[in-house]
Amino acid sequence: EEDGERPDSVTLVSVLPACADAQALRACREVHGFAVRAGFDELVNVSTAILDVYCKCGAVEVARAVFDRMPGKNSVSWNAMIKGYAENGDATEALALFKRMVGEGVDVTDVSVLAALHACGELGYLDEGRRVHELLMRIGLESNVSVMNALITMYSKCKRTDLAAQVFDEVRYKTRISWNAMILGCTQNGRSEDAVRLFSRMQLKNVKPDSFTLVSVIPALADISDPLQARWIHGYSIRMHLDQDVYVLTALIDMYAKCGRVSIARSLFKSARERHVITWNAMIHGYGSHGFGKVAVELFEEMKSSGRVPNETTFLSVLSACSHAGLVDEGRKYFSSMNEDYGLEPGMEHYGTMVDLLGRAGKLDEAWSFIQKMPVDPGISVYGAMLGACKLHKNVELAEESAQRIFELGPDEGVYHVLLANIYANASMWKDVARVRTAMEKKGLQKTPGWSIVQLKNEIHTFYSGSTNHQQAKDIYARLAKLIEEIKAVGYVPDTDSIHDVEDDVKAQLLNTHSEKLAIAYGLIRTSPGTTIQIKKNLRVCNDCHNATKLISLVTGREIIMRDIQRFHHFKDGKCSCGDYW
């Protein structure tokens, strides 16, 4: 090489980013080798450029080795390394290095703060996140909108939408990203109404939404599951020319399914120009939750023959569809295929769904031995599925075994204690019922109050079991009493197994105050004949309400759609879509 033609450090620094853009790890190694031989690697800017490229090519360990060998590191080198860890999904290391950087008094910039906030969010470390928040205020980064947006996301991921909202309100010039972050935070933390309200505010402020906005707000509407709002957002997506974005389309399919409109979901699915795995997953899941197991299985087979490779979620959706429809052989086959054909490791949810599938179908011993053979320690969800199956098939021994394991794992909510108490009560084991109730009181666990929501035009009405505080309570109970008489005439017998340790006549009275019955009665009062009534509830529907609702659909000639915690029930002409298997 002639003098003057030899690449100098400036050439190197400018050629390196090109390697990164092309993800050319080999080229990067060659440039690195050259730099070391030429002695340029002593220069901070060269080493930093090299480690940056290694990070961008996914070789974080190599980058770290370069970083550790650097004699003098400047703020840029620290930033590049921390950002590298964050972008390659190593949140723990990114945060550890950030803390070291702060400890060593290196100048912190927005780059490392963004990476640190991202890491805190990924790890759900609220206290660390708050410390980064204090730090960035001290160094005056609160006027940086990207940093503020990252704060909103971090607090949302740590399940503190209240703190996220405080930050959001402080941002003077909110960008679309600020709105998106806040809407997504609400949606992911179950604050669906807030997400929808924010979306409306965003439009009043004339901030133009993008596909990310829609993908953040549509799941909130799916959760509220009001068909009118669903149609509105669908129309809005079309007007914005975003309805063919594959993520928006998938969200719409999922939303229609969750609003009980599975046929509309299917026609959207058919219209899709491109289908990702997630699109197939949403459709398979939609069919499964409505009890159309055979159709879900057919769709899964079609997906495989079209060359799409299923992922863990696909298998979860198809196993759950098999479970809701009692397709035991198919479920077993798919569970083994998951690992054998696709090399996917089943997660805890897959094991739980498998136990649910076998248990519902009455194969309790097989379910129990399946749990014993699990290669990982079974979690609460697995034993919970077993416990549910024991209640369905009245098996006290296995119920006790499962409950014992659940209580050892220390659940936060009282739902499993209640389940066990009900199983004992079904078997008239009153001493045991009392023992479980005492244990609940000792641990301070509450029974989740059952509620049902009925959606009328733009109002949401919530009913709690036995509640009398509705302004039209009198009319509701009167309508319900009349309904009970009408369905008794067509053969309704109250199923008092659903309630225990009270006198028989009181039992029948208590049953009539289950929240879904109140919601249905109110829906009948407030809507014109022929209108479909849609109910959503937070617990599994009980046998008695299920029987009663079938007969109510018969005597009133109404279609009633009920979404409980596990699936959909479509009641029509005295029958339910689940075929009484749920």
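In this predicted model, the side chain of glutamine 534 makes a polar contact with the side chain of arginine 261, at 3.3 Å.

- Asparagine 538 lies in the loop between strand S3, residues 533-537, and helix H30, residues 543-556.
- Although asparagine 538 is placed in a loop, its relative accessibility is 13%, so this residue counts as buried.
- The side chain of asparagine 538 reaches the backbone nitrogen of tryptophan 451, at 2.9 Å.
- Tryptophan 451 is also one of the residues that asparagine 538 touches when those up to four places away in sequence are not counted, and the others are Thr448, Pro449, Gly450 and Ile565.

**Leucine 327, a loop residue between two helices**

- Leucine 327 lies in the loop between helix H19, residues 312-325, and helix H20, residues 328-342.
- Is leucine 327 buried or exposed? With a relative accessibility of 7%, leucine 327 counts as buried.
- Apart from its neighbours within four places in sequence, leucine 327 is in contact with Gly293, Lys294, Val297, Cys322 and Leu357.
- The C-alpha atom of leucine 327 is separated by 11 Å from that of alanine 296, and these two residues are 31 residues apart along the chain.

**Helices H7 and H8**

- Helix H7, residues 110-123, packs against helix H8, residues 126-138, at an angle of about 160 degrees and with the two axes 9 Å apart.
- Because an angle over 145 degrees counts as roughly antiparallel, H7 and H8 are described as roughly antiparallel to each other, and their crossing is left-handed.
- From H7, the contact is made by Val113, Ala116, Leu117 and Cys120, while H8 contributes Glu128, Gly129, Val132 and Leu136.
- Sorted by class, the residues of this contact between H7 and H8 divide into six nonpolar, one polar and one charged.

**Helices H25 and H26**

- The axes of H25 and H26 come within 8 Å of each other and cross at roughly 165 degrees, which makes H25 roughly antiparallel to H26.
- H25 passes H26 in a left-handed crossing.
- On the H25 side, the contact is made by His417, Val418, Leu420, Ala421, Tyr424 and Ala425, and on the H26 side by Trp430, Asp432, Val433, Arg435, Val436, Met440 and Lys443.
- How many nonpolar, polar and charged residues does the contact of H25 with H26 have? By class, there are nine nonpolar, one polar and three charged residues.

**Two loop residues with a positive phi**

- Most residues other than glycine have a negative phi.
- Serine 428 has a positive phi, near 55 degrees, and this serine 428 lies in the loop between helix H25, residues 415-426, and helix H26, residues 430-443.
- At 48% relative accessibility, serine 428 counts as partly exposed.
- Lysine 394 likewise has a positive phi, in this case near 50 degrees, and its place is in the loop between helix H23, residues 380-392, and helix H24, residues 396-408.
- Lysine 394 is exposed, since its relative accessible area is 54% and the cut-off for that class is over 50%.

**The chain as a whole**

- Taken along the principal axes, the C-alpha atoms of the chain fill a box of roughly 105 × 55 × 55 Å.
- Among contacts in the chain between residues at least 6 apart in sequence, 63% join residues that are at least 24 apart.

Terms used: Residues are numbered from 1 along each chain as its sequence is written. This is a predicted model: local features need pLDDT of at least 70, side-chain atom pairs count only at pLDDT 80 or more; totals for chains, interfaces and linings use all residues. Side-chain values use heavy atoms; hydrogens and water are left out. Axes are lines fitted to C-alpha atoms, for helices over the stretch in contact, and angles run from 0 to 180 degrees between N-to-C directions. Helices (H or I, at least four residues) and strands (E, at least two) are DSSP runs, numbered from the N terminus. Angles under 35 degrees count as roughly parallel, over 145 as roughly antiparallel, 65 to 115 as roughly perpendicular and the rest as oblique. A crossing is left-handed if the near helix is turned anticlockwise from the far one by less than a right angle, and right-handed if clockwise. Contact means heavy atoms within 4.5 Å. Ala, Val, Leu, Ile, Met, Phe, Trp, Tyr, Cys and Pro count as nonpolar, Asp, Glu, Lys and Arg as charged, and the others, Gly among them, as polar. Buried means under 20% relative accessible area, exposed over 50%, partly exposed in between (1.4 Å probe, protein chains only). A polar contact is a pair of N or O atoms within 3.5 Å; within protein, one must be able to donate a hydrogen and the other to accept it, and residues adjacent in sequence count only if both atoms are side-chain atoms.
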